[in-house]
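Which way does each side of it point?

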Amino acid sequence: MSKLTLASWNVNGIRAISKKGFFDWMSKEKPKIVCVQETKISGDQLTDELTLPKGYVSYWSHAEKRGYSGVAIYTKEKPASVSYGMAPILGKRAERFDKEGRMVACDYGDFLLCNVYFPNGKKDDVRLQYKLDYYDAFLD
């Protein structure tokens, strides 16, 4: 890969940010890779406008719960491989984390890029424990 320019952004809704000039920004700045978190979109809601901006391909991980969480990677160069969530790496013990669409990883050969939307643990003790368990699984 030539000179790498990478951007990462918690967009708090990909449809909302697309109406506010997100793709115009991408077209102007031309980063090689853009990672977005908290896309809040399901696979059946994706359009070509959202998934195929000029010059990019994209890879998405969605939450089972509609309008919740989710991540995507836009990239100018196709990676050698793509994986979704932690289950491909850690197996069954990570499946509970993958229901929230929190990770997509692209292997470019020279490096592995993980776009991760880490859980917030502020809601209650159950979510705090989920967050801590997620961190442990990710570090594994």
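In this predicted model, Asp24 and Lys28 are exposed, on the face of helix 2 turned away from its buried side. That buried side is made of other residues. Helix 2 spans residues 22-29, and Phe22, Phe23 and Met26 are buried in it. These three lie on the same side of helix 2, because the arc they cover around the axis is only 95°. The general rule is simple: an α-helix has 3.6 residues a turn, so residues three or four places apart point the same way.

What do the buried residues of helix 2 pack against? Their partners include two helices, helix 1 (14-18) and helix 3 (48-51). Strand 1 (6-10), strand 2 (33-37) and strand 4 (71-75) are partners too. Just after helix 2, Lys30 takes a positive phi of about 55°.

Now turn to the core. The largest nonpolar core has 15 residues. Ile14, Phe22, Met26, Val34, Val36 and Tyr74 have the most contacts inside it. Helix 1, helix 2, strand 2 and strand 4 each supply at least two residues of this core. Helix 2 gives the largest share, three residues. In soluble globular proteins, nonpolar side chains tend to be buried together.

Ile14 shows how the chain is drawn together. Neighbours within four places in sequence aside, Ile14 is in contact with Phe22, Thr39, Ile41, Leu50, Trp60 and Tyr74.

Methods. Residues are numbered from 1 along each chain as its sequence is written. This is a predicted model: local features need pLDDT of at least 70, side-chain atom pairs count only at pLDDT 80 or more; totals for chains, interfaces and linings use all residues. Side-chain values use heavy atoms; hydrogens and water are left out. Buried means under 20% relative accessible area, exposed over 50%, partly exposed in between (1.4 Å probe, protein chains only). Helices (H or I, at least four residues) and strands (E, at least two) are DSSP runs, numbered from the N terminus. The arc is that of the directions from the helix axis to the C-beta atoms. Contact means heavy atoms within 4.5 Å. A nonpolar core is a set of buried Ala, Val, Leu, Ile, Met, Phe, Trp, Tyr and Cys residues joined through side-chain atoms within 4.5 Å.
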